[in-house]
Amino acid sequence: MEGDSASISSEDSDLALQRDIEVEECRACSGKFRYRLNSGGSVTILAEGPRKDQKYKAVSYVWGKHPPIPLRCRQCGVKIAIQMRCAESFERIMSLAGSGSTVWLDALSINQADHSDIAAQVAVMGNTYKRAQCVSVLLPPSDTDAFLKLSSIFGAAQALLSRKWLFELEPGQAHGDIGHNETGKLARTFFSEIDEFHDRLEKYRYWSRAWTFQEWACAYDIEVTVDNPSGIYPTLKRIKSVIVYGAIMVVEYKLRQGQYAEIDVGFVRGFGPPKLELIKRLFPFEDVFAYHEEFSEIDVRYQTIQPNIGGLNKALGLHHGPIGTRSEDTQLRARLNLMLDAFSGLNEREATYEADIVCCWASMCNLSYGYSKNDSINMALTKVIRCLRRKGIKVFNFQVQHAGEEIDLSFFSYSASQRQCNATNGGFLRGAPVFTGRVDTGVHFCQSIANPSHLGRLFVSLFSTGSTRTSFSVLLRKVLGANVTIVVPMLERDSVLEAMNLALSGQHDEFMLENLLDHIKEILEEADDAILANLVFVVASIPLAHDSRQYFHAWAICRGLPQGGYFVARESQNGTLVLAYQEKNMSQPAHIAAYLTISDHQSGTYLLPVSATGDIDLTLPTPQRSDILIGFHCDRYLRAKLLLGPVGLEDPTHVRQQPYEGVGDAVEFLGIQPNDKIIICSEESYCLEALTRVAEMERPKDPFDRRSTLPPEIDIGHPNLISPEENARSKEMLRRFASQRPVECPF
């Protein structure tokens, strides 16, 4: 279902004279549409939503901003208008589906004159595309380059899968080159073409539209061609499964065999998982890929460090098991995480209506939230996030923006998993920050500059016995003993770096992990002085316990703090720590100024969730790589017991300016008595318990075949992915190797 606000391109200039589309039957006379192909045969088009047990194809194309084309029924004479580039494009769409097919085509299967039918079918559109046998994609003529690039990727993946047996050989099992060099060249070409396709994505019209995203992403599999009058371009069938399984096979092979791999795939095994992350975004496949909560960090670490024992499905984020084994709640969370990761992690999408930027992925998850095309994007986002929270899904806020709203409008900047900026292999942090509370430090620092928290934007109620909650109110409870200790003007870049160092824990080795301060310095140097002039960097010192003299340090960026009372508090919506502000007149409501975070060289930046009883129990997992067997193998923890009290129990902290030695005159040292002990952020101040998990890890109870993550027949819903002939040849080659019979290169 796709609108397009772009002007009509030159490719459509020859369409001044349009002919009507003619169908043999229509909704009015037979409850369905039937179209006769010019080549013979006919295609049935559903005139309603498909039944659960119905076999059909779904059609995906860019509607475009073209004059509606009349569609006339030969049987009853009824005429309606359909949004379509031209009658010839309609013929090519039907030909793509094929004679004898039943298709769901949004322009006809949804009654565009019936608002109730539109609302009902949009709400379940994710299932409509998911349950289709495949989605038939007709790319616009302007995306011919995209089709050619996909054709090259598809061809390389097919060739790699046809050599599956070669990837299953153990090191040293073959003597001499029996196709290793040529296969390595194919693998390197495959990933190079993937990178080029990704780099050009924002130029392609199909991938710039909002509604086409869900059609591509939800598809169980895809067949694709390009809308070209000459008809010289073939149809690429099963393109999603071929490319995804081809990529898994190569990455899995490299992780298993490492430096002993006889096929040069073009990367060391520590770079394999990030390559698969890109494939997951370009070709979302919820039956294959898992989301972060389906595996524990320990399981992922075990398989990463020991890739030859217990399989690799968790290290690669693959969902193993029969289709449909996820519970309804897990299915919702998996689809939400996987699809948002692809939507927000690639190029920006456009839509005729702002609300559709939200609806295009919310409807994929079958969320019912009161869609209106006239909603602003902020209102649509507010509706959807409230819907998610009602379903028990925690959605974290990182920035403060609008008065009276509990929604973080920088949601899309935090809704995709992020590369860890100081990881030398470009590895990703697991899960989207909005669902994990964990974000890349560089991304969050940039976002905090671009969207600084504004004092007074989010009004909250002070916690007291019998307090009431308005529809938008968030309750605050002050953290007793916590203080705002440092406020640095952002223009004082060197002082900001020194203050940031206070809020940094962990280690860096410049081999696996770089120094985060180098990345922060680069961000500060590139930032515009006019923007930084209005901002301050704030560090808060929070005791590990109410009576403790040991502190950990959290930071935030916001607009300059006015003279008055401000304090550290726990907000009630997600239970995270915030920097709050209240006018000296205690009868006025308090405001959230910023969400406080801690940062770690090894594992990123974290919000600080606190239980209602004041407990912090935060795990700081260290990323692992199969190609580095030494380094940081310990999980660390931040554990604290805060004393929360009703705000008003004691006055908010007031500013007392005092120079802080070793940082600079620009720093304000606030609210700390001279004898108080401030421990610079270290493993001691974080109360980090180093536990070497590697030695304690147990082998999984039900390990998968260590030889390959792919099933022998590669038949997860795709029995024809490898032809029976190729599969038989593969088995014969492996059998001959097992019997030590000489084998010649078959290529």
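**Entry 1. Loop between α15 and α16**

I looked up Ser 415 and found it in the loop between α15 and α16. The model is a predicted one. Ser 415 has a relative accessibility of 0%, so I recorded it as buried. I then asked which side chain makes a polar contact with that of Ser 415. The partner is the side chain of Ser 344, at 2.6 Å.

Asp 408 was the next residue I checked, and it lies in the loop between α15 (377–390) and α16 (433–436). I noted that Asp 408 is buried and yet has no salt bridge. The nearest side chain of opposite charge belongs to Arg 389, and I read a separation of 8.1 Å. A salt bridge requires the side-chain nitrogen within 4 Å of a carboxyl oxygen.

**Entry 2. Salt bridges**

My search of the whole structure gave 33 salt bridges. I examined several pairs individually.

For Arg 200 I found a salt bridge with Asp 145, with 3.1 Å between the closest N and O atoms. Arg 200 belongs to helix α8 (residues 180–200) and Asp 145 to helix α6 (residues 144–161), so this pair ties together parts that are 55 residues apart in sequence. I recorded Arg 200 as partly exposed, with a relative accessible area of 27%. Asp 145 is likewise partly exposed, at 34% relative accessibility.

Within helix α11 I looked at Lys 280 and Glu 277, which are three residues apart, about one turn of the helix. Their side chains meet in a salt bridge, at 3.4 Å from N to O. I noted that both Lys 280 and Glu 277 are buried.

I then turned to Arg 281, which forms a salt bridge with Asp 341; the closest N and O atoms are 3.2 Å apart. Arg 281 is in helix α11 and Asp 341 in helix α13 (residues 328–345), so the pair links parts that are 60 residues apart in sequence. Arg 281 and Asp 341 are both buried.

Finally, I traced salt bridges that share partners, and these join Asp 145, Lys 149, Glu 193, Glu 196 and Arg 200 into one network.

**Entry 3. Negative surface patch**

I asked which residues gather in a patch of negative charge on the surface. I listed Glu 492, Asp 494, Glu 498, Asp 509, Glu 510, Asp 518, Glu 522, Glu 525 and Glu 526. Helices α18 (493–502) and α19 (516–526) each supply at least two residues of this patch. The largest share, four residues, comes from α19. I checked one member, Glu 498, and placed it in helix α18. Glu 498 is partly exposed, with a relative accessible area of 35%.

**Entry 4. Two pairs apart in sequence**

I located Leu 532 in helix α20 (residues 529–532). Leu 532 is buried, at 0% relative accessibility. I read 9.3 Å between the C-alpha atoms of Leu 532 and Arg 559, which are 27 residues apart along the chain.

Pro 273 is in helix α11 (residues 272–282), and I recorded Pro 273 as partly exposed at 28% relative accessibility.

Note on methods:
Residues numbered from 1 in each chain as written. Predicted model: local features only at pLDDT ≥ 70, side-chain atom pairs only at ≥ 80, totals over all residues. Heavy atoms only, no water. Patch = residues over 30% accessible without salt bridge, like charges linked within 9 Å, V, L, I, M, F, W, Y side chains within 5 Å. Areas by Shrake-Rupley, 256 points an atom, 1.4 Å probe, with all protein chains shown as cover. Lys, Arg positive; Asp, Glu negative; His and termini not counted. Charge placed at Lys NZ, Arg CZ, Asp CG, Glu CD. Buried < 20%, exposed > 50% of the residue type's maximum accessible area, 1.4 Å probe, protein only. Polar contact = N/O pair within 3.5 Å; in protein donor to acceptor, adjacent residues only side chain to side chain.
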